[in-house]
Amino acid sequence: MDIFEIDGPVHLSGAIDVTGSKNSTLPIMAAMLLAPGISVIPNAPDLADIRSLETLLESLGAKVHRNPDGLHINSTVIDNPVGAYEIVRKMRASICILGPLLARCGRVKVSMPGGCAIGDRPVDIHLRGVKALGAKIHLENGYIVAEAPAGGLAGTQIFLGGPFGSTVLGTDNVMMAAVTAKGTTIIESAACEPEVADLANCLNAMGAKISGIGSPRLVIEGVKELKPITYSVIGDRIEAGTFMVAAAITRSKLQINNCQLDHMLAVTDRFRQIGVAVETSNGGCEVAFDGPIRPADITTQPYPGFPTDLQAQFMALLSMAKGNSVVTEKIYPDRFMHVAELNRMAASLRKEGPNVIVAGVDKLVAAPVMASDLRASAALVLAGMAAEGTTVVQRVYHIDRGYHRIEERLNAVGAKIRRKSV
Ligand code: EPZ
């Protein structure tokens, strides 16, 4: 098991490259099941979550390997449409094979994802969507079994809204099931995240006919077949936001390459409130900050609102603000595993239901802390770079799920992070 030893406080300088988006790559890998043949994602990030889905696709019959020119997925043969619990439980996004396998094979068995550190991961809206397309669904020993009618799936109008608004992977699943369904499908209350738009653009490049991309109303005209593709994904806006917080929390200036600021308007709005200047520069952005950190209230929302995946990182930053902030989590009300850990570092955070009252303190102090979900763990690394002393973060594998060699990239701009196996 790896740990990080992080010396602080540090100042950073230089440039960091953001990788291809994890949350675009995962559904796009699943979409390649729809088109028998070899598809390639040239900039698929090399992450534990991506490797988990590679393993799952191979268990379905696909051949997956990484070449210098990108991730190759050969989906010519798919002879075992079963998403096994052993893989799905490690990576809930595996549920995104449901739609494409239903469309391709007419029958799919995939494990219910089960809960995780950020809360329950229900898939009821995914099932509502594929049922509306004609699939018969039943549960069997913790597995979802979905079967398309003999004549195939049929387009219809589907409302995909839920108690927390839209669903990203639910929209992805229904879109992938609908692209070769008979007739037209209209998805109302579709997720508008850039990663959903990226998937839709990839599907259209494969021959699908999707309009309304980026809007809450997607119109999908069923086509007969899709073709394999070579498709590069968008930059990872959550990784970009994490590195922007790294610059702010260490009061540094950083160039962040390959980030699309037009995907991050809610994030730059909060940075402005905090007093952090973010400027477009050379196909990315430049963040320059020397404090003081102003307090700011944050409420997570579906896109274009503030992303839940940056909530923990901003809380680490606001924990040293000159004043109090309120952070409200409206997507995953339990997504506060980082609160107790930041308090161990002398932050002053108080949870009140879906809110955390952040009373700003002058400084954080190093401590041994425990990583939990992917983004909470990144927040602890950010806090460690600002805290006085050496912070030890345990269970670093959580971070490796979503950030490629984060310590090497941060050390290259001045961080002092040592990865150790214990
Ligand atoms: C995607 O998860 C992302 N993962 C998550 O990022 C992200 O936090 C989340 O969207 C919200 O933006 C990937 O894209 C691989 P949802 P997803 O369905 O699609 C509820 C990370 O750190 N819901 O949009 O699983 C659900 O419980 C990960 O990279 C239902 O109630 O999230 C949640 O409260 C973590 N029923 C809300 O909707 C359903 O059928 C939004 O979830 C589906 C979801």
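Here is a short tour of the cavities and cores in this predicted model.

Rolling a probe the size of a water molecule over the atoms shows where empty space is left. In this model, two cavities of 30 Å³ or more turn up.

## The largest cavity

The largest cavity holds about 40 Å³ of space. Its lining is made up of Arg237, His263, Met264, Leu265, Ala266, Val267, Tyr303, Pro304, Gly305 and Pro307. Helix α9, which spans residues 265–274, gives the most to this lining, with three residues.

Sorted by class, the residues around the largest cavity are seven nonpolar, two polar and one charged.

## The second largest cavity

For the second largest cavity, the volume is about 30 Å³. Around it you will find Ala191, Cys192, Glu193, Val196, Ala197, Ala200, Ile213, Gly214 and Leu218. Here helix α7 (residues 194–205) gives the most, again with three residues. The classes in this lining are seven nonpolar, one polar and one charged.

## The nonpolar cores

Now for the packed parts. The largest nonpolar core has 75 residues, and the members that touch the most others are Ile256, Phe271, Met385 and Leu410. Ile256 is worth a look on screen: leaving aside its neighbours within four places in sequence, Ile256 is in contact with Ile16, Val18, Ala240, Phe243, Met244, Gly284, Cys285 and Val287.

Apart from this core lies another one of 72 residues, including Ile73, Met91, Cys202 and Ile229.

Methods:
Residues are numbered from 1 along each chain as its sequence is written. This is a predicted model: local features need pLDDT of at least 70, side-chain atom pairs count only at pLDDT 80 or more; totals for chains, interfaces and linings use all residues. Side-chain values use heavy atoms; hydrogens and water are left out. On a 1 Å grid over the protein atoms alone, a cavity is a set of points where a 1.4 Å probe fits but cannot get out, and a pocket is an open set with protein on both sides within 12 Å along at least five of seven lines; lining residues have an atom within 4 Å of a point. Grid points are joined across faces, edges and corners, and a volume is the space filled by probe spheres set on the points. Helices (H or I, at least four residues) and strands (E, at least two) are DSSP runs, numbered from the N terminus. Ala, Val, Leu, Ile, Met, Phe, Trp, Tyr, Cys and Pro count as nonpolar, Asp, Glu, Lys and Arg as charged, and the others, Gly among them, as polar. A nonpolar core is a set of buried Ala, Val, Leu, Ile, Met, Phe, Trp, Tyr and Cys residues joined through side-chain atoms within 4.5 Å. Buried means under 20% relative accessible area, exposed over 50%, partly exposed in between (1.4 Å probe, protein chains only). Contact means heavy atoms within 4.5 Å.
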